Amino acid sequence: MNRTPGEGELAGTAPSHDRDRDHDHDRTPPIPSSLCSRSRELTDAAADISFGALLDADIDIDIGTDTDTDTATHTRHEPRIQWATPDGLEIVGRGVAARFTATGPTRFDDVREQAARTFEALEYDGPAVARPRAFGGLSFHDSFESSANTATDSDTDRESDSATDATPTTAPWHGFTAASFVVPQVLVVRSDETTWLTAVSLDADTATQRLDDWHDRLADSSFPAMRSSGSPPGVTDTERTTSRAAWVEQVEDAIERIETTTLRKVVLAQSLSVGLDAEIDVPATLERLRRRYPNCYRFLIDHSHAGSHDASGTFFGAPPERLVSKRGEHVETEALAGSAPRGETPEADEEFADQLRDCEKVQHEHVLVAEAIRDQLTPVTSSLTTDDQQIRRLATIQHIRTPIEATLDDEVTHVLELVEALHPTPAVGGMPPDQAWETIHETEPFDRGWYAAPIGWFDGNGDGEFAVALRSGVATDERVTLFAGSGLVADSDPHDEWDEVQLKFRPILDELRPEKASSDQSETQLDSAATETGGERPYPR
Ligand SMILES: C=C(O[C@@H]1C=C(C(=O)O)C=C[C@H]1O)C(=O)O
């Protein structure tokens, strides 16, 4: 199938050298220099059906003048996003009003520059919570390059350093690029008691028309009344990238590097490819994850590129970790590192928590992360406070958490600047960062892609929020590829670290296996204990 971009569906490419070597160059309209947005509050009935309706893959979304007549394929290829924070803000979006993409070491600046051009002339009449935002993320490392680009690079001049170092993407990351954000054409935003519908287009008339069309559609009672939580698709097989024996060798090798070089900490990961009995319903899976991991973020990114022949996979997850949020000059972040299982009883649970608090190795691993975050933020902030350590309890695992808040000085104006400064924290990379990446790159037998990388949104003011894309996977047809890792320091034990990684696969893996339903009793008990210790601050809207 070869689609042409529809009206209002504008794809941005990186400026300068990157644009010259984009293989979709001829078909790619420029980044829009204006956007118009209209919002309307949804009444109860429409609000209830709006999330499922907008995410439902079978819905024939209006994307303007798209010429494709194969509706089923076409809707599956229609980009969609979902974003939810632990305090109840939920956003779903469909279609592309603007797209910002970039590759290489300048990817943060390139995306910011593209977005600035588009958002500069944004006309918007709704409340702040329903404003247009760009949703997306980045790959873990800037050497990541989409396979679509690499396929054609041989016949174009490769000018940037990044292009020369780039590694072609491998499954399941086909179609992903080093930085990709979309401003959706239609958004439903739920916050507190209200639900808003927002439509975005190049001009006011189209935005108003789109808003009215979608409002009528959502008032249509033929849509299901509730968001579906579906049922697990069932698992046919699992394939590991890393056997236990290989892992033990990798960890021992990493520890030797820590003992003999200046490397102090490195996070090594594994990937698990899971074959499914049926195609996965990702929004329904996220709804089940919401019920079991209410304190986590939830995200879904399906950025299938207009004009591309193949759909990319859907990247989704329920991460516990905030990378950073910026609202005006106020910044919130956290160190989350150091992990233990949940106990079967409250006493056993507390014992595991005590081990986290008292274990020298775990404290070392955690403090490295908190210090690195403080060191990155101090030069750009006028004040910075670090709270006491807390235990963050999730249904299947507990972590040490140190909340960090700061007030920015005048130098930093965009959340992407903070994302660039902080990513990767030693919670997912290591210390020092370059040496940690070298170790990861030389050790891990798979491509991290967007795993453990920043995922989130920013708006026209440069405010935004990013989580770390952990407890995540990529769904492609009837497989889901999961990723999980663990922080290693000098006295790490390979077998303990193996167990920790398996625990981190569980959030999604449990939702793929029907047998999980039979152990619901114990999950419920875990759930009721899965509250945070220490007060959680409100997440920004
Ligand atoms: C790397 C992961 O998790 C990170 C590593 C942790 C650790 O080493 O203790 C804990 C939380 C996360 O910061 C993962 O979930 O894959």
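Reply: A helix axis here is a line fitted to C-alpha atoms over the stretch in contact, and angles run from 0 to 180 degrees between N-to-C directions. The model is a predicted one. The helix to look at is α8, residues 244-260, which packs against α14, residues 494-512, at an angle of about 120°. The two axes are 9 Å apart. Angles from 65 to 115 degrees would count as roughly perpendicular and those over 145 as roughly antiparallel; α8 and α14 are therefore oblique to each other. Their crossing is right-handed.

On the α8 side, the contact is made by Arg 244, Trp 247, Val 248, Val 251 and Glu 252. Helix α14 contributes Pro 494, Glu 497 and Trp 498. By residue class, the contact of α8 with α14 divides into 5 nonpolar and 3 charged residues, with no polar ones.

Helix α8 also has a part in covering another helix, α13: what covers the buried residues of α13 includes α8, β13 (265-276) and β21 (430-431). Helix α13 spans residues 433-443, and its buried residues are Ala 436, Thr 439 and Ile 440. These cover an arc of only 100° around the axis, so they sit on the same side of α13. The face turned away from that buried side carries the exposed residues Asp 434, His 441 and Glu 442.

Terms used:
Residues numbered from 1 in each chain as written. Predicted model: local features only at pLDDT ≥ 70, side-chain atom pairs only at ≥ 80, totals over all residues. Helix = DSSP H or I, 4+ residues; strand = E, 2+ residues; numbered from the N terminus. Parallel < 35°, antiparallel > 145°, perpendicular 65-115°, else oblique. Left-handed = near helix turned anticlockwise from the far one by under 90°. Contact = placed C-beta atoms within 7 Å. Nonpolar A, V, L, I, M, F, W, Y, C, P; charged D, E, K, R; others polar. Buried ≥ 20, exposed ≤ 12 C-beta atoms within 10 Å, placed from the backbone. Arc of directions from axis to C-beta.
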